[in-house]
Amino acid sequence: MATKKIKITQEYLISQYMEYRLEHQQKPSSVYAFSKAAGMNEGQFYNFFGTLEALEKEIYTVFFTKSVEMLENDSNYATYDSQTKLLSFYFTFFELLAANRSFVTLSLNTHKNQLKNVLLLSDLRQKFKNYIASILTDSYLLKQEKAREIQLKALQEAAWIQFLLTLKFWLEDDSASFEKTDIYIEKSVKLSFELINSSPLESLMDFGKFIFKEKIQQHS
């Protein structure tokens, strides 16, 4: 009986890699070992990725790209203001993460050194920063060009830090349907936009109370 020929695509490699990691609870020891497990030769792997790490980084950019595509397929998305667009992105992105939580948790807890884990998100970081720039309207940005450039870079970096903090919260969230993460997202996004508008006190206090309550519960 003839063996069915496998069509090697980026999607196939990502699917096989995620499955390998979940089944073995560790990374493949080499590209050769992974290629053999995936039913292909090593050369076919290099048609898509230079290293296993590059493949794993791509998984997170795929989550991002799919999230944005899902949003843009909604005819209402284009009418949203900046804050609502970012909220929609967060909810969509973390819904995709939740559907792959076992892999994401394993992947982002590989190293004891958290900096090494965050490096897996380096490609995602640039895409996310570009996204932030694309959704911020003139009402949030300064008019003077040079000052505008500096402000935009600062807002992009602040948004990335907020994203990482949200991701950390989600990884530690044990609530049903990750309801606490939803609350975290709503409060933190609201606060970030009010900080831009320089009227943050009420939201800052509200967000602070939420975080304080969560920390108390975790240590009780």
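Asparagine 117 counts as buried because its relative accessibility is 2%; buried means under 20% relative accessible area, exposed over 50% and partly exposed in between, with a 1.4 Å probe and protein chains only. This is a predicted model, in which local features need pLDDT of at least 70 and side-chain atom pairs count only at pLDDT 80 or more, while totals for chains, interfaces and linings use all residues. Residues are numbered from 1 along each chain as its sequence is written, and side-chain values use heavy atoms, with hydrogens and water left out.

Asparagine 117 belongs to helix 7, residues 114-118. Helices here are DSSP runs of H or I with at least four residues, strands are runs of E with at least two, and both are numbered from the N terminus. A polar atom of the asparagine 117 side chain lies 3.4 Å from the backbone nitrogen of threonine 110. Contact means heavy atoms within 4.5 Å. Apart from neighbours within four places in sequence, asparagine 117 is in contact with Ser107, Leu108, Asn109, Thr110 and His111.

The protein chain as a whole has 11 helices and 0 strands. Of its 220 residues, 40% are buried. Among contacts between residues at least 6 apart in sequence, 65% join residues at least 24 apart. The chain exposes about 13100 Å², and carbon and sulfur atoms supply 55% of that area; accessible areas come from the Shrake-Rupley method with a 1.4 Å probe, and for residues only the protein chains shown count as cover.

Helix 1 covers residues 10-24, and its 15 residues should span 21 Å at 1.5 Å a residue; the end C-alpha atoms are 21 Å apart, which agrees. The expected span is 1.5 Å times one less than the number of residues. The buried residues in helix 1 include Tyr12, Tyr17, Tyr20 and Arg21. Helix 2, helix 3, helix 4 (52-72) and helix 6 (101-107) are among the elements that cover the buried residues of helix 1. After helix 1 comes glutamine 25, with a positive phi near 60 degrees.

The loop between helix 1 and helix 2 holds proline 28. Proline 28 has a relative accessible area of 7% and is therefore buried. Leaving out neighbours within four places in sequence, proline 28 is in contact with Tyr17, Tyr20, Phe34 and Leu52.

Tyr17 is also a contact of glutamate 56, as are Arg21, Lys27, Phe103, Ser107 and Leu120, again leaving aside neighbours within four places in sequence. Glutamate 56 is placed in helix 4. Its relative accessibility is 0%, so glutamate 56 counts as buried.

Next come the aromatic rings. A pair of aromatic rings is described by the distance of the centres and the angle of the planes. Rings of Phe, Tyr and Trp (its six-membered ring) pair if their centres lie within 6.5 Å; planes under 30 degrees apart count as stacked, over 60 as edge-to-face and the rest as tilted. The whole structure contains 25 aromatic pairs. Phenylalanine 34 and phenylalanine 45 are edge-to-face, because their ring centres are 6.0 Å apart and their planes lie at 80 degrees. This pair links distant parts of the chain, 11 residues apart: phenylalanine 34 is in helix 2 (residues 31-37) and phenylalanine 45 in helix 3 (residues 42-45). Both phenylalanine 34 and phenylalanine 45 are buried.

Tyrosine 90 and phenylalanine 94 form a stacked pair, with 6.0 Å from centre to centre and 15 degrees between the planes. They are 4 residues apart in helix 5 (residues 82-99), so about one helical turn separates them. Tyrosine 90 counts as buried at 1% relative accessibility, and phenylalanine 94 is buried with a relative accessible area of 5%. Tyr90 and Phe94 belong to a cluster linked by ring pairs, which also includes Phe64, Phe128, Trp160 and Trp170.

Trp170 has a charged neighbour as well: the charged end of arginine 101 sits over the tryptophan 170 ring, 4.5 Å from its centre. A charge sits over a ring if NZ of Lys or CZ of Arg is within 6 Å of the ring centre and within 35 degrees of the ring normal. Lysine 85 likewise lies over the face of tyrosine 77, at 5.4 Å from the ring centre.

Terms used. A polar contact is a pair of N or O atoms within 3.5 Å; within protein, one must be able to donate a hydrogen and the other to accept it, and residues adjacent in sequence count only if both atoms are side-chain atoms.
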